[in-house]
Amino acid sequence: MAKGEGAESGSAAGLLPAGILQAGERPAQVKKEPKKQQQKQQQKQQQLSVCNKLCYAVGGAPYQVTGCALGFFLQIYLLDVAQVDPVSASIILFMGRAWDAVTDPLVGFCISKSSWTRMGRLMPWIIFSTPLAIIAYCLIWFVPDFPQGQTLWYLLFYCLFETLVTCFHVPYSALTMFISTEQNERDSATAYRMTVEVLGTVLGTAIQGQIVGQVNAPCLQEPNGSAVALESANRTHSSTSLKETQNAYLLAAGVIASIYIVCAVILVLGVREQREPYEAQQTEPMSFFRGLRLVMSHGPYVKLIAGFLFTSLAFMLVEGNFALFCTYTLGFRNEFQNLLLAIMLSATFTIPIWQWFLTRFGKKMAVYVGISSAVPFLILIALMKSNLIITYVVAVAAGVSVAAAFLLPWSMLPDVIDDFHLKLPQHSQGTEPIFFSFYVFFTKFASGVSLGISTLSLDFAGYQTRGCSQPKSVKFTLKMLVTMAPIALILLGLLLFKLYPIDEERRRQNKKALQALREEASSSGCSDTDSTELASIL
């Protein structure tokens with residue numbers, strides 16, 4: 001009997017009563033039962049244990065611990081500790097972030113060309129980049145003895161570290177698509193990851209802030225208690241206390257580097273990459289530029305990154321200027337590290353709530369509610385006078401919105417990639433790093449622009465390096481950078497999210513179609529009729 005005829009006979013037999021079937025025809029119907037059992041077994045294998053999810057989640061901490069320390073403290077470190085002038089500091093911050101943005105698609109290109117090894121395609125990048133990254137990170141927080149070459153020193157090692165951490169973070173981000181083929185499992189693992197990443201920001205804030213805060217000397221005051229007005233006397237540290245502060249930054253860098261190593265080891269030992277069944281059947285390699293053209297022409301992806309580009313830029317503006325804002329505008333020089341802890345702890349505890357919210361009401365609704373919740377508190381900060389208790393309350397409330405900003409982009413990107421796989425199943429091999437790397441590229445480039453512009457704005461406003469106090473123009477500029485500019489960016493980003501087409505109904509349809517595609521690819525005895533049915537489903 002021909003293969004197609006057997007499948008047709010078995011399909012017709014399913015419409016007849018069991019008593020009418022002849023003895024020779026019954027095995028054709030029974031053959032489907034092992035196939036269903038095999039499908040159930042495959043779905044069970046795709047389920048991740050809590051240990052697997054935790055090991056995967058821990059891998060996100062290094063990027064967040066180092067990124068938080070650099071984002072919150074590098075600007076004030078360059079200006080007040082390394083004593084780099086504001087123009088040079090803006091060049092370092094902008095060029096470092098811009099280079100970091102460029103390296104993401106380059107690393108994504110190299111990863112897409114990587115072949116599968118016994119450890120996988122992504123893990124070797126994580127393993128070999130880790131030791132070099134921690135060396136470069138520690139050298140960022142070292143003050144060299146040659147003042148004339150400080151700008152080149154910090155620019156060199158900042159760009160080197162960003163390149164190496166990109167070699168860690170891009171494959172780690174793409175790993176989301178290879179830990180499981182089940183949407184629910186990936187969403188759950190992403191929630192674990194975001195919780196640990198926010199804990200990473202708490203660690204970065206606590207370690208950097210508390211260690212450095214222990215050696216911060218008070219401002220020089222006149223006998224009557226007012227701040228010294230003259231620039232020659234308006235200094236925060238003596239030469240001895242400045243050296244102690246530099247050593248404190250180095251100590252914090254060493255502690256963070258140790259955390260980086262531990263988390264990388266846990267990730268490598270606790271997570272295994274899983275290759276898609278249909279991907280193994282694709283033999284024709286795709287060029288990077290062809291893959292990039294296909295990715296950037298995918299409508300849902302473009303709309304998603306456009307929306308998150310502006311919302312991420314809003315939170316990055318707050319992050320980059322928060323330490324200076326608390327120190328000079330609000331006058332809480334010795335409290336800003338505690339305020340950062342309040343924000344990050346609040347975000348940590350509310351990420352599980354947002355995970356429940358997005359499964360209950362959908363991801364688009366979570367975006368609107370979560371990110372827009374920051375707007376009233378930013379308005380309150382802009383309008384109120386300096387009050388420490390109210391500031392702590394606002395910090396805790398702002399952490400709720402920060403949690404949504406952490407969780408939602410990485411939870412929605414896999415949905416876009418699934419949608420792309422369905423539209424172009426024969427051209428999707430190796431495109432996952434391109435999706436993740438270009439999303440990070442746009443956000444990092446915008447971050448570099450924001451840091452460069454904000455630092456230059458402070459210079460134009462008359463920022464005084466290591467000053468106990470700042471002119472009113474500097475305080476006003478900081479308030480605008482932390483409140484009104486982020487509000488405008490958030491509102492613009494939420495308007496763009498209205499165009500994002502993947503809702504919960506489309507996600508469910510994509511899940512069913514992808515499951516059919518995987519079953520077709522993993523089944524060794526598929527008939528021509530089944531293939532025709534699969535094509536009609538897709």
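**View A. Tyr-56 and Tyr-172, two buried tyrosines**. Both residues are buried in this predicted model, and their rings form a stacked aromatic pair, with 5.2 Å from centre to centre and 25 degrees between the planes. Distant parts of the chain get linked here: Tyr-56 sits in helix H4 (residues 50-58) and Tyr-172 in helix H8 (residues 150-174), 116 residues apart.

**View B. Tyr-77 meets Tyr-154 edge-to-face**. The ring centres are 6.0 Å apart and the planes stand at 85 degrees, past the 60 degree cut-off, so this one counts as edge-to-face. Helix H5 (residues 61-81) supplies Tyr-77 and helix H8 supplies Tyr-154, so the pair ties together parts 77 residues apart in sequence. Tyr-77 has a relative accessible area of 0%, so it is buried; Tyr-154, at 2%, is buried as well.

**View C. Trp-141 and its neighbours**. Leaving out residues up to four places away in sequence, Trp-141 touches a group including Phe-73, Leu-74, Tyr-77, Gln-208, Gln-246 and Tyr-249. Trp-141 also belongs to an aromatic cluster with Tyr-77, Tyr-137, Tyr-154, Phe-161 and Tyr-249.

**View D. The largest nonpolar core**. This core has 149 residues, and Tyr-77, Trp-141 and Leu-175 make the most contacts inside it. For context, the chain has 21 helices and zero strands, and 55% of its 538 residues are buried.

**View E. Arg-360 over the ring of Phe-361**. Here Arg-360 lies over the face of Phe-361, 5.0 Å from the ring centre.

Notes. Residues are numbered from 1 along each chain as its sequence is written. This is a predicted model: local features need pLDDT of at least 70, side-chain atom pairs count only at pLDDT 80 or more; totals for chains, interfaces and linings use all residues. Side-chain values use heavy atoms; hydrogens and water are left out. Helices (H or I, at least four residues) and strands (E, at least two) are DSSP runs, numbered from the N terminus. Buried means under 20% relative accessible area, exposed over 50%, partly exposed in between (1.4 Å probe, protein chains only). A nonpolar core is a set of buried Ala, Val, Leu, Ile, Met, Phe, Trp, Tyr and Cys residues joined through side-chain atoms within 4.5 Å. Contact means heavy atoms within 4.5 Å. Rings of Phe, Tyr and Trp (its six-membered ring) pair if their centres lie within 6.5 Å; planes under 30 degrees apart count as stacked, over 60 as edge-to-face and the rest as tilted. A charge sits over a ring if NZ of Lys or CZ of Arg is within 6 Å of the ring centre and within 35 degrees of the ring normal.
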